[in-house]
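Please take a walk through this model with the viewer open. The text begins at a salt bridge and then widens to the whole fold.

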Amino acid sequence: MIWLAVYDIEDDGERAKAAAVLQEWGFVRVQRSFYVGRLERGRAKDLLHILSRYVKRGHIALIPVSREQLEAALELGKPPYAPLKPPRYAQAYVI
């Protein structure tokens, strides 16, 4: 399943740690606080649990989308970091 991860975190340390955790789980940054990645069924709660260790005052949303929904996304311009479509390589999990 493809997941979108978006966050609004004011604290620089919490924000940096959230970004690091998402990237460790194979998510790629599309925009400054917007990532896309793949998770196996049931792993989203594990990821959110790990993020909760580091993010105490911000907000993070993990949003599932189907491949069909992602491919139907409309875009204008080029994303600053990476394409909207997630990588196809295997993920490494940090627990």
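Asp46 counts as partly exposed, at 33% relative accessibility. The classes are buried under 20% relative accessible area, exposed over 50%, and partly exposed in between, with a 1.4 Å probe and protein chains only. Asp46 forms a salt bridge with Arg43, and the closest N and O atoms are 3.3 Å apart. A salt bridge here is a side-chain nitrogen of Lys or Arg within 4 Å of a carboxyl oxygen of Asp or Glu. Arg43 is buried, with a relative accessible area of 16%. Both residues sit in helix 2, three residues apart, so about one helical turn separates them.

This is a predicted model: local features need pLDDT of at least 70, side-chain atom pairs count only at pLDDT 80 or more, and totals for chains, interfaces and linings use all residues. Residues are numbered from 1 along each chain as its sequence is written, and side-chain values use heavy atoms, with hydrogens and water left out.

Now the whole chain. The protein chain has three helices and four strands. Helices (H or I, at least four residues) and strands (E, at least two) are DSSP runs, numbered from the N terminus. In what order do the elements of the protein chain run from the N terminus on? The order is β-α-β-β-α-β-α. Of the 95 residues in the protein chain, 39% count as buried. The chain exposes about 6200 Å², and carbon and sulfur atoms supply 53% of that area. Accessible areas come from the Shrake-Rupley method with a 1.4 Å probe; for residues, only the protein chains shown count as cover.

Contacts show how the chain folds back on itself. A contact means heavy atoms within 4.5 Å. Take the contacts in the protein chain between residues at least 6 apart in sequence: 73% join residues at least 24 apart.

Two strands pair if DSSP finds at least two bridges between them. Strands of a sheet pair through backbone hydrogen bonds, either parallel or antiparallel.

Follow the sheet across. Strand 2 and strand 3 (residues 34–38) run antiparallel and are joined by three bridges. Arg29 has Tyr35 in strand 3 as its bridge partner. Strand 3 also pairs with strand 1 in the antiparallel sense, over five bridges. There, Ile2 stands opposite Arg38 in strand 3. Strand 1 and strand 4 pair in the antiparallel sense over seven bridges. Ala5 stands opposite Leu62 in strand 4.

Why is strand 1 largely enclosed by the rest of the structure? Five of its seven residues are buried, so the rest of the structure largely encloses strand 1.

Is Asp8 buried or exposed? Asp8 is exposed, with a relative accessible area of 56%. Leaving aside neighbours within four places in sequence, Asp8 is in contact with Gly58 and His59. An unreviewed UniProt entry covers Asp8 with the annotation "binding site". Such positions are given in the numbering used here, feature names are shortened, and annotations may be inferred rather than shown by experiment.

Return to the charged pairs. The whole structure holds five salt bridges. One of them joins Asp11 and Arg57, with the closest N and O atoms 3.2 Å apart. Asp11 lies in the loop between strand 1 and helix 1, and Arg57 in the loop between helix 2 (43–54) and strand 4, so the pair ties together parts 46 residues apart in sequence. Asp11 is partly exposed at 29% relative accessibility, whereas Arg57 is exposed at 65%. Asp11, Glu14 and Arg57 are linked in a network of salt bridges.

In helix 3 (residues 67–71), Glu71 and Arg67 are four residues apart, so about one helical turn separates them. Their side chains meet in a salt bridge (3.2 Å, N to O). Glu71 is partly exposed, with a relative accessible area of 46%. Arg67 is partly exposed too, with 22%.
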